[in-house]
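Subject: Handover of a protein structure, with notes

Dear colleague,

Please find below the sequence and the structure that I am handing over to you.

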Amino acid sequence: MDNEEPLEPETEDEPKTEPAAQDSDKALYCEAEASVAAEKEKSGWESSETDLEIEDTEKLFTTGQRELYLEACKLVGVVPVSYFIRNMEESYVNLNHHGLGPTGTRAIAIALVSNTSIVTLELADNHITEEGALSLVEMLQENSFLQDLNISDNELGFKGASTISEFLQRNTSSLLNLQLSGNNFRDESAELLCQALSANYRIKMLDLSHNEFSDKGGEHVGQMLALNIGLQSLDLSWNHFHIRGAVALCNGLRANVTLQKLDLSMNGFGNEGATALGEVLRLNNSLVYLDVSSNDISNEGAAKISKGLEINESLKVLRNVLVSEQFTKTLDGVCAIHPQLDVTYKAVQGFSAKKMALLWTNPMKLIQSYADQHQITVADFFKSLNPKGTMTMSVGDFRKAMIQQDKVPMSRYQVRELIKKLDEKTGMVNFSFLKKVKP
């Protein structure tokens, strides 16, 4: 941090014990300051499972977090980050774009060994490289409180992937969510990561978007998905998967029973990949969210996906980009069977501007018109949809009721817009405020 002023520890007048010489440049020791009465001479460093250690474990608990971090910064020769010092006791810390580099990351890692407050740590775009990744992995072996870690866009490369893979194989960390987007991972990195993830059951959310996985990488991911029993969310967008990679991924999804959210957007699945997806959707009962937008899928491929949706019972959200009018008709039939399904796309091929305008007519205006004609309030209309007769409904029940009712026919897009207006962001829609709207 070039614009940060160096912050000195408050106990600078107290005598300090100098660290002993190290045999390896990778050793990350930080000795806490001690009072004169308690200061002891040590002939050498005690053996430990990790390099990120305080020399005297008793001092670890008597030294404040701020002083520990400042001492670590002195040790590695970096300017302390004032934002980190101010937020060390918060549960969320965002250090994205701070220019930490590997040494700045090392100082952060030393301080985090004993930190019990931070649950989510953002370190994206800090050029930490594989050296910084090693420091973080060593810290994670000791810290049992950190759950969410974002180290995207940090040029980790193959060596960084290797370090992280060894860490994931241990299955001993408290970490649940890991973001590794944009780290120049190629197929050989995918192989290492997928081998580790095949047996890892702790990581629940993984972001591998914006990397350089090709079809070979897709094969590794497919094999991992067939074995993994922990992942619930996986982002593979903006990679280079094509037909062979798509088929391999789908083969893995056939056996997977835990993955709920999958982002495959901005790849190159094509119609053959869409066909494989359609077949998987007939069998998979765990996926709830699937994004396949921008995958060179034409009407033919979209039709294959819609066929799979006819049988699928679990999927609730499907993201696409361009579909045909025939696809929308097929989808209407699917939604009649599975009203909980929410399919979004930006355009309909062959639709005129007039048709699109009708498609997006304000749904509240349609309901208001119906209410005016029948001399009721808009709130009365919504209340009639609820079997319980109350003014609140779950989003899922509301969507199902709106699609199945025939008083004011609406498209799925209009129902979605209606939910946006009424959703309290709690999974419930509330239309009690509409009581004041008179016919």
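Which residues are buried in helix 4? They are Gly 101, Pro 102, Gly 104, Thr 105, Arg 106, Ala 107, Ile 108, Ala 109, Ile 110, Ala 111 and Leu 112. Here, buried means under 20% relative accessible area, exposed means over 50%, and partly exposed lies in between, with a 1.4 Å probe and protein chains only. Helices (H or I, at least four residues) and strands (E, at least two) are DSSP runs, numbered from the N terminus.

Before going further, please note that this is a predicted model, in which local features need a pLDDT of at least 70, side-chain atom pairs count only at pLDDT 80 or more, and totals for chains, interfaces and linings use all residues. Residues are numbered from 1 along each chain as its sequence is written, and side-chain values use heavy atoms, with hydrogens and water left out.

Confidence and overall make-up

The pLDDT is the predictor's confidence in each residue, from 0 to 100. The protein averages a pLDDT of 82, and 75% of the residues score at least 70. Over residues 53-62 the pLDDT is below 50, and this stretch has 18 contacts in the model beyond near neighbours in sequence. Residues 351-358 also have a pLDDT below 50, with 7 contacts beyond near neighbours in sequence. Contact means heavy atoms within 4.5 Å.

The protein has 17 helices and 14 strands. Of its 439 residues, 53% are buried. Among contacts between residues at least 6 apart in sequence, 80% join residues at least 24 apart.

Helix 4 covers residues 101-112 and reaches 17 Å from its first C-alpha to its last, close to the 16 Å expected at 1.5 Å a residue. The expected span is 1.5 Å times one less than the number of residues in the helix. Because 11 of its 12 residues are buried, helix 4 is largely enclosed by the rest of the structure. What covers these buried residues includes helix 2 (65-76), helix 3 (82-86), strand 2 (120-122) and helix 5 (129-140).

Helix 6 has 14 residues, which should span 20 Å at 1.5 Å a residue; its end C-alpha atoms are 21 Å apart, which agrees. Its buried residues include Gly 157, Ala 161, Ile 164 and Phe 167. The buried residues of helix 6 pack against helix 5, strand 4 (177-179) and helix 7 (187-199). Helix 6 is followed by Asn 171, whose phi is positive, near 55°.

Two further residues with positive phi

Most residues other than glycine have a negative phi. Asp 153, although not a glycine, has a positive phi of about 55°. Asp 153 is found in the loop between strand 3 (148-150) and helix 6 (157-170), and is partly exposed, with a relative accessible area of 40%. His 210 likewise has a positive phi of about 55° without being a glycine. His 210 lies in the loop between strand 5 (205-207) and helix 8 (215-227), and counts as partly exposed at 42% relative accessibility.

A pair of helices

How do helix 10 and helix 11 lie, and what is the crossing angle of their axes? The axes of helix 10 (residues 270-283) and helix 11 (residues 299-309) come within 7 Å and cross at roughly 5°. Axes are lines fitted to C-alpha atoms, for helices over the stretch in contact, and angles run from 0 to 180 degrees between N-to-C directions. Helix 10 and helix 11 are therefore roughly parallel to each other; angles under 35 degrees count as roughly parallel, over 145 as roughly antiparallel, 65 to 115 as roughly perpendicular and the rest as oblique. Where they meet, the residues of helix 10 include Asn 271 and Leu 281, and those of helix 11 include Glu 300 and Ile 305.

Cysteines and a histidine

The structure holds 0 disulfides, a disulfide being a pair of cysteine sulfur atoms within 2.5 Å. Cys 73 counts as buried at 2% relative accessibility, and Cys 250 counts as buried at 2%.

His 220 is found in helix 8 and counts as buried at 12% relative accessibility. Leaving aside neighbours within four places in sequence, His 220 is in contact with Asp 187, Ala 190, Glu 191 and Cys 194.

Yours sincerely
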